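Welcome, and thanks for opening the viewer. Please load the model, switch to a cartoon view and follow along one selection at a time.

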Amino acid sequence: MFLAITLLSRVALLGLIVFVVIQSYSARISLAKIFNTKKPYILGLIGGIFGVAGNFLGLPYKGAIINFRDMGIIVTALYGGFPAALIGSTIASIHRYLLGGPAAFACALGTIGAGLFSSVFRKRFFHSKNKILAGSVVAIFAELIHLSIAYFFIYPPELAADIVFNALIPMTVSNFLGVGLTLTLVKQSELYVKNFSSQIFSITLRVFESAVRLLENPNMENLNLFSKDLAKILNVDKLTIKLEDEFKPEKKGECRLFIPLISRGKIIGRIIVENRDGFDEDQIFMIKQISKFVEIVVIGATAVREAILAREAMMRDFMSKLGPHFIFNTLASIRYLTVNNANDAVKMIDNLSELLRYYFKNQKTFVSLNEEIKIIECYLSIMKARYGDILSYHINVTGDFRNHPVPPMILQPVIENAVEHGEKNGKIYVKIEAEKYGDCMILKVSDSGKGLSRGFKKGVGMKLLETRLENIYSKKASVKYVNDNGLTVLIKIPLECESVNMYDKSGYSGR
C-alpha cells in the first residue's frame, strides 16, 4: 500500500508539472500538434523520454523498479501506432536494462510488450467516443502483459512472484491514472486550441468584413478606419498600420507591440499596437496571427492602388492623344502667322511647346493647380491667336487654391468643350474660377454658349475625366453640369483628402 501511494504521488507531481507548463497557448498548441502529428518517430521519442523519467521516479524493490515507465509509451503508442511504440519502448527499455538488477532484462522486455500491445488498439482508440476511458483501459491490460512477461523472465521464480505481486497494484493503478491524466491534458489542449482557432477564424471574418472597404478604395482614410476596427476587434486601446519602408526609431515598452508586415522578404509596413494593461501571451499570439491576414490585406490594397495608378497613367496617355486635330489646326495657324505676324507665331510655338511637354512628359500623379492653370493659359492663348476677338477668357483663381494638388489635365477637356461649344452670337467667353465649398474646392468652368440639350451624351474626354476623379478620390470628387446662361461645369475636389497620401507624390513639387 505504501508503494502504491508513493508512486501515485509521484505521478500526480509529474502531472502537476506538465499542467503548469502547458498553461500558455504556445505550449498547448505544441502539445496538441505533437500528439496529432503524422510523424510517429517524434511521438516515439517523447514516449521514450517519459519512459526514462518513469525509471528515475520509480521505487526500488529487491533489484527491480516499481515505476510508471509504461505511461508515456502507452499514450504515444495509441497516437502514433507501431512505429511510435517500437521507438519509445526501445529507448525506455534500453535505459532500464542499463540500470541493471535481476529484473533488468525482464522489465525491459515487458515495456516493449506493453508498447506493442497498446499500438494494436490505435484505430479503435481514435474511433472511440471517450478516448480517456478507452486509453486508461488499454493501460490496465498493457500493464498486466508487462508484469506477465516479467514473471516468466525473472529468476528465480520466488523472486519473480514476490516482485510481480508487490508491483501489480502500484504499477497498474499508477499507469492507469497516469495514462488517463495525460490523455486528459492532451484533450484539454486540443479543445483549447480548437476553440482558440475558432475565435481566430471568427475574428478573421470580422477583419475581412472591415478590409473590404479598404480593398475597394485603398486610401489613407479607409486604412485608418480599418486600423480602428482592428483595435476594437482585438480589444486593445490603439492600433496603427504604417506603410513606410523605413521607420523612425520609436520608444518601445511593455504597453506597445511592434509587428512587421512582410511581402517577398521585404518590410512593407508594420502594425503598432498599444494597450494600457500590457499584453498576455494569448493576446500576443492572437495579434500575430491576425497580422498575417493584415499582410494579405495590405498587399491586396497596394496592388489595387498600383492598378488604379496604372489605369490613371493609361487614361492620361489616352487623353493626351485625343486632340490631334488641335495640333494640326495650331500648326496651320503658325504657318499663317509666320507670313503675317512673326512675333505672334513665335509666341504660339512657345505655348504649343509648353503644352506638348506637359501632355507627353508629365508623369506626376499630382501637380499644383497653378501648373494646371499655366497650361490652360497656354492653350487659351493659342486658341485666342486662332479665334481672335471672337474668343475672350477670364481666370479667377486666387493664391489660396493655386498650391493645392490636383491630377494633371483635369481642366483640359472641359476648356476644349467650352471653346468648341460655347459660341453665342458670334462670341465665345470662357471663365475659370475656384471657390471653397465646405471641405472641398470647386473648380468652375463657364461658357456663354447654348448649354446642354436634353438627352445629351458625354464625350470621351469628359467620361475619362469623371473616371479618373473616381479612381483617385472615390466618392469625394464629382463633376456636375449646370445650364446657366450657357454651361457651367463644376469639378469638386477634396481640399484635405487622405487618399492623396496613398499615391506617389515624389514628383509633386507644388507645395
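Start by selecting helix 5 (residues 104–119) and helix 7 (residues 131–153), which pack with their axes 8 Å apart and at an angle of about 150°. Helices here are DSSP runs of H or I with at least four residues, strands are runs of E with at least two, and both are numbered from the N terminus. Axes are lines fitted to C-alpha atoms, for helices over the stretch in contact, and angles run from 0 to 180 degrees between N-to-C directions.

This is a predicted model, in which local features need pLDDT of at least 70 and side-chain atom pairs count only at pLDDT 80 or more, while totals for chains, interfaces and linings use all residues. Residues are numbered from 1 along each chain as its sequence is written, and side-chain values use heavy atoms, with hydrogens and water left out.

How are helix 5 and helix 7 oriented to each other? They are roughly antiparallel (angles under 35 degrees count as roughly parallel, over 145 as roughly antiparallel, 65 to 115 as roughly perpendicular and the rest as oblique).

Now show the side chains where these two helices meet. Helix 5 contributes residues including F105, L109, G113 and F117, and helix 7 contributes residues including V138, F141, I145 and F153; contact means heavy atoms within 4.5 Å. The residues of this contact divide into 13 nonpolar, five polar and no charged. Here Ala, Val, Leu, Ile, Met, Phe, Trp, Tyr, Cys and Pro count as nonpolar, Asp, Glu, Lys and Arg as charged, and the others, Gly among them, as polar.

Stay on helix 7 and pick S136. Is S136 buried or exposed? S136 is buried, with a relative accessible area of 5% (buried means under 20%, exposed over 50%, partly exposed in between, using a 1.4 Å probe and protein chains only). Leaving aside residues up to four places away in sequence, S136 touches F176, V179, G180 and L183.

Next, move to the open sheet of three strands, with order 3-5-4 and antiparallel pairing. Two strands pair if DSSP finds at least two bridges between them. Strand 3 (238–242) and strand 4 (256–263) are the edge strands, each pairing on one side only. Strand 4 pairs with strand 5 (residues 266–274) over eight bridges. To see one of these partners, select R256 and find E274 in strand 5.

Finish at K242 in strand 3. K242 is partly exposed, with a relative accessible area of 26%. The C-alpha atoms of K242 and L261 are separated by 9.2 Å.
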